[in-house]
Each structure stands twice: as structure tokens, then as C-alpha cells.
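Subject: Structure for you to look at

Hello,

Here is the structure I promised to pass on. Please open it next to this message, and read the notes below with it in view.

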Amino acid sequence: MTSPLPDYRARSASRLAAVQALYQREMGGDPVPKLLMEFHSHRLGQEIEGAEYLAADQAFFDDVVAGVAARQDELDGLISGALAEGWALDRLDRPMRALLRAAVYELVARADVSAATVINEYVDVSHAFHDEKQARFANGLLDSVARQVRA
């Protein structure tokens, strides 16, 4: 018997929520358990200010958020290594840092998800926070990291 395929819409919702949670963590320093509980109770699959959030794959969301928190130094090193000379991670805005950390975590730790899927999904997420130029930046950086860690 094979296991069921993941619900891709739920994973997409999880990725967007993970970027939001990681941004919130960087802004306020909330501990991961508190963030997870808040998102489970009040955001994932809920309606907020008239906007209905899609149901998310909660286990996938938890893995990305907790995984980024546990491996942030490693992830930041990979991101910094892919930046153009003269650029530093702290020069990027917080939403972009959150997005890149989540995506690079998946590239490093989630071999069950293809690199192309990770890149495409996070480029889509980037459109919620950034313009097309920034989305292309994320695409290029993630492609570079993927070639390094998935070789």
C-alpha cells in the first residue's frame, strides 16, 4: 500500500504561513512553540479580517518553522554564500529573509520535495510580499543554492 500524495494546496498554504510565522519570529522573538500554537489556533484555515486562509498541512508547516529555527545559522550561511559580492543577509528585508530561510530549509532537509517545486512555490509566495524584480531575485538565489545542496 502506498501512502497518499500530499495535498499540494495545503502545502502551498503551509509555506505562506511559515513565511509569515518566521517573519513574526524575527520581529518579536516569539519562541517556536508559541508561534506554532498561535498559527494552529488562529490562522491556519481560519478567516481573518474577511480573508479566509486555506487549510494548511499542519505537520509540514510545523516542520518548516521548527526546522528553520533549529538550523538558522546553517541556512543563513547558505543564503549569504549565494548573495552577490558586497551583499549581506541583513541588507535584505525581513519578509525576504523569512522566505529564503524557509525555502533553503526545504532544499536542505526535505528531499521528498523536488528542488523545482520548492523554487516555484516560494517564488509564488514572494509575490505576496514583493514585486516581480524581487521574485526573480529569489528565484535566482534559490536556484543557486539548490545546485549546491542537491548536487
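A helix here is a DSSP run of H or I with at least four residues, and helices are numbered from the N terminus. Ser14 has its place in one of these, helix α1. Please keep in mind that this is a predicted model.

Overall layout

The protein chain has 6 helices and 2 strands. Along the sequence they come in the pattern α-α-β-β-α-α-α-α. The chain has 151 residues, and 41% of them count as buried. If you take the contacts with a separation of 6 or more, 71% are between residues 24 or more positions apart.

Two residues to start with

Is Ser14 buried or exposed? Ser14 has a relative accessible area of 1%, and buried means under 20%, so Ser14 is buried. Apart from neighbours within four places in sequence, Ser14 is in contact with Ala56, Asp57, Phe60 and Phe61.

Pro95 belongs to helix α4. Between Pro95 and Tyr23 there are 72 residues in sequence, yet their C-alpha atoms are 5.8 Å apart in space. Tyr23 is also among the contacts of Pro95, together with Val19, Phe129 and His130, when neighbours within four places in sequence are left aside.

The nonpolar core

The largest nonpolar core has 43 residues. Which of them touch the most other members? They are Phe61, Val64, Val65, Leu99, Leu100, Tyr122 and Leu142. At least two residues of this core come from each of α1, α2 (32–42), α3, α4, α5 and α6. The largest share is that of α4, with 9 residues.

Not counting residues up to four places away in sequence, Leu100 touches Ile79, Leu92, Phe137, Ala138, Leu141 and Leu142.

Helix α6

Helix α6 runs over residues 132–149. It has 18 residues and spans 26 Å from first C-alpha to last, close to the 26 Å expected at 1.5 Å a residue. At the start of α6, Asp131 has a side-chain oxygen within 3.2 Å of the backbone nitrogen of Lys133.

The buried residues in α6 include Ala135, Ala138, Leu141, Leu142, Val145 and Ala146. Where do the buried residues of α6 lie when seen down its axis? They fall within an arc of 140°, so they line one face of the helix. In general, an α-helix has 3.6 residues a turn, so residues three or four places apart point the same way. Among the elements that cover the buried residues of α6 are α3 (58–82), α4 and α5 (115–126). On the face turned away from the buried side are the exposed residues Lys133, Arg136, Arg147 and Gln148.

Salt bridges

Side chains of opposite charge can pair when their charged atoms come close. How many salt bridges does the count come to? The count is 13.

One of them joins the side chains of Glu106 and Arg15, with N to O at 2.8 Å. This pair links distant parts of the chain, since Glu106 is in helix α4 (residues 94–109) and Arg15 is in helix α1 (residues 8–28), 91 residues apart. Both Glu106 and Arg15 are buried.

Another is made by Asp143 and Arg147, whose closest N and O atoms are 3.0 Å apart. Both residues lie in α6, 4 residues apart, which is about one turn of the helix. Asp143 has 32% relative accessibility and counts as partly exposed. Arg147 has a relative accessible area of 55%; the cut-off for exposed is over 50%, so Arg147 is exposed.

Asp30 and Lys34 form a salt bridge too, their closest N and O atoms being 3.9 Å apart. Asp30 is buried, at a relative accessible area of 15%, while Lys34 is partly exposed at 44%.

Last, salt bridges also link Arg11, Asp57, Asp63, Arg110 and Asp112 in a network.

Regards

Conventions:
Residues numbered from 1 in each chain as written. Predicted model: local features only at pLDDT ≥ 70, side-chain atom pairs only at ≥ 80, totals over all residues. Heavy atoms only, no water. Salt bridge = Lys/Arg side-chain N within 4 Å of Asp/Glu carboxyl O. Buried < 20%, exposed > 50% of the residue type's maximum accessible area, 1.4 Å probe, protein only. Expected span 1.5 Å × (residues − 1). Arc of directions from axis to C-beta. Contact = heavy atoms within 4.5 Å. Polar contact = N/O pair within 3.5 Å; in protein donor to acceptor, adjacent residues only side chain to side chain. Core = buried A, V, L, I, M, F, W, Y, C linked by side-chain atoms within 4.5 Å.
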